[in-house]
Amino acid sequence: MSQTGSVVVRPLRTSDKTEWSRLWKAYLAFYETSRPQEIFDTYFDRLIGDDPQDYNGLIAEFDGKPVGLTHYLYHRHGWSVENTCYLQDLYADPAVRGQGVGRALIEAVYARADAAGAPSVYWLTQDFNTEARKLYDRIGVKTPFIKYNRF
């Protein structure tokens, strides 16, 4: 478990499903999207499962209340022997932003990646996510890559 001030970061538990759903729904809304219930159920099951190829989930609590989440996974990379870590989702409730929740979640992923022998951690964000990017600029390095998707 990682702790920063009154922010506690811990692994996602089965009993977190309701609060996790609330937070992930808010995260999706921020990115102006939604997913059907089947995706919520499948993703949550994968997050708490034990398949090493699936995502891992962490919850941030502030004064004992779930206020943030992150999901990450390890995968191989053609340019290194070690796995790399992809931080897929990161969200902090707007009521607690600026209080160390995002930083604590990212640092918890960094620590888990180090423990798993994955020295590289990367993530994506949208260019309009200016508040989060202020944090990312302090704890990460912006790359020059541009993402493309299949039509």
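Is strand 2 (residues 7-11) mostly covered or mostly exposed, and how many of its five residues are buried?

Guide: A word on the source before the details: this is a predicted model. Strand 2, residues 7-11, is mostly covered. Four of its five residues are buried, and buried here stands for a relative accessible area under 20%.

Now its partner. Strand 2 pairs with strand 3, which spans residues 56-62. The sense is antiparallel, and the pairing runs over five bridges.

The backbone of aspartate 63 deserves a check. Its phi is near 50°, a positive value in a residue other than glycine. Most residues other than glycine have a negative phi. As for surface, aspartate 63 has a relative accessible area of 62%, so it counts as exposed, the cut-off being over 50%.

Glutamate 32 sits in the loop between helix 1 (17-30) and helix 2 (37-48). With a relative accessible area of 71%, glutamate 32 is therefore exposed.

Last, a helix pair. Helix 3 covers residues 101-115 and helix 4 covers residues 130-139. Their axes come within 11 Å and cross at roughly 40°. Helix 3 is therefore oblique to helix 4, because angles under 35 degrees count as roughly parallel and those from 65 to 115 as roughly perpendicular. The crossing of helix 3 and helix 4 is right-handed. On the helix 3 side, the contact is made by Gly102, Arg103, Ile106 and Tyr110. Helix 4 contributes Leu135, Tyr136, Arg138 and Ile139. Sorted by class, the contact of helix 3 with helix 4 has five nonpolar residues, one polar and two charged.

To return to your question: strand 2 is mostly covered, and strand 3 is its antiparallel partner.

Notes
Residues numbered from 1 in each chain as written. Predicted model: local features only at pLDDT ≥ 70, side-chain atom pairs only at ≥ 80, totals over all residues. Heavy atoms only, no water. Buried < 20%, exposed > 50% of the residue type's maximum accessible area, 1.4 Å probe, protein only. Helix = DSSP H or I, 4+ residues; strand = E, 2+ residues; numbered from the N terminus. Pairing = 2+ DSSP bridges. Axes fitted to C-alpha atoms, helices over the stretch in contact; angles between N-to-C directions. Parallel < 35°, antiparallel > 145°, perpendicular 65-115°, else oblique. Left-handed = near helix turned anticlockwise from the far one by under 90°. Contact = heavy atoms within 4.5 Å. Nonpolar A, V, L, I, M, F, W, Y, C, P; charged D, E, K, R; others polar.
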